[in-house]
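The sequence and structure are shown below.

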Amino acid sequence: MMLHDKTILLIISGGIAAYKSLDLIRQLRKAGAQVRCIVSKGGAQFVTPMSVAALSEHEVYTDLFSLKDESEMGHIRLSREADLILVAPASANMIAKMAHGLADDLASTCILASDKPVMIVPAMNPMMWDHQATQDNIETLSDRGVRQIGPASGEMACGETGMGRMAEPEDILSAVYDFFFERPLKGKHAIVTSGPTYEAIDPVRFIGNRSSGKQGHAIACALIKAGAHVTYISGPTALPCPPGANSISVEAACEMLEAVENALPADIFIGAAAVCDWAVDNVSTQKLKKREGQSAPALTFTENPDILKTVSSHEKRPELVCGFAAETQDMNNNAKAKLLRKKCDWLVGNNVCSAQNIFGSDENEVCLFKYTDIGDQDITSQTLPRMKKEAVADFLVNEIISVFENKKDQNNEPSHTTRAAE
Ligand code: C5P
């Protein structure tokens with residue numbers, strides 16, 4: 001997410017949540033934005049102008065008279081040079097002043113003296129938020145086109161619980177980005193499967209595999225960043241849910257398939273899960289006992305449903321279906337054969353020889369195979385160097401974005417890079 005040519009005037013008003021604004025400055029700058037800051041008298045009780053100046057790498061203004069020289073940086077210039085005025089946190093008092101056009105300090109004067117778009121991030125005690133006066137002020141601002149992020153509900157710094165928590169810096173950054181740019185996958189629904197599946201032997205034992213879920217997790221995050229609505233269906237992993245995804249935890253392959261089918265329809269399906277090929281027959285309802293002199297239990301298996309294949313031939317087949325193939329030998333031929341067998345559009349082949357140390361690692365070495373009906377080749381392939389799993393995810397999501405952009409260019413004609421359900 002890049003905000004390189006954007007200047008944001010951040011107004012920090014009073015409230016304990018003001019500490020989050022320090023991280024917000026850091027995140028906005030990391031995204032490339034120039035950040036100019038005004039700290040109100042109330043805000044300065046909670047964050048020091050010095051830390052704000054250090055993080056923004058600009059002088060920080062606290063009152064009208066801190067703009068020593070009008071010709072150097074007057075309040076008019078300060079507010080009009082910004083592409084966006086972001087008030088975070090926006091206290092009940094600041095919201096009231098904005099609603100009523102007060103200009104009794106630098107922050108409110110800058111807002112009133114500007115025609116630039118304004119975004120507020122309310123943060124206050126739940127009773128103050130719920131008060132009719134605040135709600136009326138919020139409505140007035142909203143009618144005037146002021147955008148609002150949050151507040152969220154939860155436990156407050158003051159110990160009370162309710163509506164009034166300041167939105168998190170990542171969510172604010174995301175809203176700022178959305179304000180400036182249309183995200184390429186906005187409106188698209190993507191289902192991502194990730195992690196291993198666990199197939200029960202008895203109530204305490206299972207058969208699983210070494211998948212860490214890191215690659216699927218990174219893909220879900222990259223899709224969310226590109227604006228897609230993501231349903232993330234994961235087997236047991238040590239990873240947190242990707243922020244912003246609709247996350248569903250499953251164990252066995254059958255559960256995963258059920259969750260995937262329930263999540264359809266979708267535009268994109270990414271089968272990054274390492275689904276166990278077999279489930280144990282007759283799962284014991286009691287823990288199997290080891291008995292002296294008796295041989296080990298002989299397990300028999302049934303084949304699990306193939307989720308990727310089922311989705312590829314589903315009546316609600318997504319426009320783009322992409323699988324993964326973990327191979328230990330002859331990746332090129334095995335992956336190509338798998339792509340045709342499973343009837344998916346794309347297949348990401350990864351070499352998981354132990355020497356490559358891919359399972360659980362933060363890096364991956366992949367080759368992207370694409371089914372194509374253009375030219376005399378059925379399948380094209382692109383080999384990528386070893387890179388971070390996040391970088392693989394970004395690459396894949398950029399490829400996905402091209403599919404949907406091509407489709408738009410072709411006036412909603414089906415894309416040549418994907419195929420329809422049979
Ligand atoms: O056949 P193999 O397990 O190598 O295929 C890998 C691809 O197929 C992955 O995308 C995986 O998520 C998917 N798969 C599946 N259901 C299975 C087995 C694999 O969706 N039962």
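How far is an oxygen atom of the ligand from a polar backbone atom of Ala273? The separation is 2.7 Å.

## Basis of the model

The model is predicted; local features need pLDDT of at least 70 and side-chain atom pairs pLDDT 80 or more, whereas totals for chains, interfaces and linings use all residues. Residues are numbered from 1 along each chain as its sequence is written, and side-chain values use heavy atoms, without hydrogens and water.

## Ligand site

Residues around the ligand (a heavy atom within 4 Å) include Asp277, Pro305, Phe324 and Lys338. At least two residues of this shell come from each of α12 (307-312), β17 (320-327) and α13 (331-342); helices are DSSP runs of H or I with at least four residues, strands runs of E with at least two, numbered from the N terminus.

## Asp202

Asp202 is located in the loop between β10 (199-200) and β11 (206-207). Asp202 counts as buried because its relative accessibility is 2%, the limit being under 20% with a 1.4 Å probe and protein chains only.

A polar atom of the Asp202 side chain lies 2.9 Å from the backbone nitrogen of Val204. The backbone nitrogen of Leu288 is likewise 2.9 Å from a polar atom of that side chain.

Definitions and conventions
Buried < 20%, exposed > 50% of the residue type's maximum accessible area, 1.4 Å probe, protein only. Polar contact = N/O pair within 3.5 Å; in protein donor to acceptor, adjacent residues only side chain to side chain.
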